[in-house]
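Open the model in a viewer and keep the sequence panel beside it. The stops below can be selected in order.

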Protein chains: 2
Amino acid sequence: MEEKEISKAVIKRLPRYYRYLGDLLEDGVERISSNELSDRMQVTASQIRQDLNNFGGFGQQGYGYNVKYLYNEIGKILGLDKTYNMIIVGAGNLGQALANYVKFEKRGFWIKGIFDVNPRLQGVTVRGIAIRMTDDLPQFVRDNEIKIAALTLPKENAEQMANLLIENGVKAIWNFAHIDLRLPEDVIVENVHLSESLMQLSYNINRYEREHEIKE
Amino acid sequence: MEEKEISKAVIKRLPRYYRYLGDLLEDGVERISSNELSDRMQVTASQIRQDLNNFGGFGQQGYGYNVKYLYNEIGKILGLDKTYNMIIVGAGNLGQALANYVKFEKRGFWIKGIFDVNPRLQGVTVRGIAIRMTDDLPQFVRDNEIKIAALTLPKENAEQMANLLIENGVKAIWNFAHIDLRLPEDVIVENVHLSESLMQLSYNINRYEREHEIKE
DNA sequence: TAGATTGTTAATCGATTAACAATC
DNA sequence: TAGATTGTTAATCGATTAACAATC
């Protein structure tokens, strides 16, 4: 059976739907129509229905969507009903910030280890997790069935490190290094480029000022 | 004069062009054609030329693009030739991680202050910057002409805080809180939703596994 | 000049929105 | 049953790619 390809644009919107539905659930809302949700999320009702129908019919004519059901279904689509073992490679500020981020565990992402090359950090613990040296990585990844690695290290070491991790069983890289990793086809890569995000913000400040000046 | 609207997709690609051109510059490359750059960046040469021509003709027929010139021009488009005063609101792990990120200053983003509500953090310094209490915020923002604020605080306080900052002169919000801020039209908002990024990664792990199972 | 490569127009592709029949 | 709202097809819009004349 051929599964129809879901576009990246749709996938990017799913976590946002999930967040809104979670909030609705907390507020005790039982059902919601695509129109109501459209109002809250500032997207068209048409888009909501199209997006959801990529994965099946979760609603009911004349009724709308059951919030709890839809929340759970989107959770499943996103794989949040599963658990994943995860490590953080690079125990700098960003790495430690991620390690301290408790909510990941609520979603099934278990941080099993934090690694660094700096011997000074050896034994330092972050939220009860001891920072280990990268020499121990291959063994650790295999022993703990680590599937996800967050890379919070300098770009110079990122690709080599990614390959080492993959060789030992890692399936997905959450990449914070300022580089586009060239990795085997079947490896999942998700990039977070903070400085590029800040540059977009900067562009928009200037765009606004440019347009404003022109009108004067 | 009407400026033609540049699409978000184009703006999102600009920082990536900038990064590649910076790397080329470091490698001492003087000129590059859209075709060569296309190979390196894994985008079509046509897209590169289209994107750049939104802002003017930076190349030369028969020659290509001068790397240094194009790098500087894109820098200007992104507003990286200017400087901005910036604060971080929320001195948790993520806030401190951002404060420690030295490279922002290289791009003209000067971190002038870090704020928190927690009195325990008062006086603690991060990279030489003392953490201040949020009571002092309005005065500080005005006195230091703060234009950008990074919000690394719980979603419950984010929108109220954003409004307070805007009242005192902040033009742009770099939002790390898990909420969509509803703010005045002319305020620039750039979101970084880490948990949503991780969910996309999670989706892709599962997608791969689903497709694999189906083929068995 | 001949070759290379841009800038730009036209063609294609994909994503979003509109519309409405199906149905709860 | 009548009203509401989905699921889905068709229409529109926008973004990407292809093609090529302009020109360095």
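The tour goes through a sheet in chain A and then through part of chain B.

This is a predicted model, in which local features need pLDDT of at least 70 and side-chain atom pairs count only at pLDDT 80 or more, while totals for chains, interfaces and linings use all residues. Residues are numbered from 1 along each chain as its sequence is written, chains are lettered from A and ligands numbered from 1 in the order in which they are written, and side-chain values use heavy atoms, without hydrogens and water.

Select residues 79-180 of chain A, where UniProt, in an unreviewed entry, places "domain: CoA-binding"; such annotations may be inferred rather than shown by experiment. This stretch is 30% helix and 28% strand (DSSP runs of H or I, at least four residues, and of E, at least two, numbered from the N terminus).

Next, show the open, mixed sheet of seven strands in chain A, ordered E6-E7-E5-E4-E8-E9-E10; strands pair if DSSP finds at least two bridges between them. Its edge strands are E6 (125-126) and E10 (188-191).

Now select E4 (residues 84-89) and E5 (residues 109-116) of chain A, which run parallel and are joined by six bridges. A:Met86 has A:Ile111 of E5(A) as its bridge partner.

Move to chain B and select E9 (residues 172-175). Which residues of this strand are buried? B:Ala172 and B:Trp174 on one side, and B:Ile173 and B:Asn175 on the other, are all buried (under 20% relative accessible area, 1.4 Å probe, protein chains only).

Note on methods. Buried < 20%, exposed > 50% of the residue type's maximum accessible area, 1.4 Å probe, protein only.
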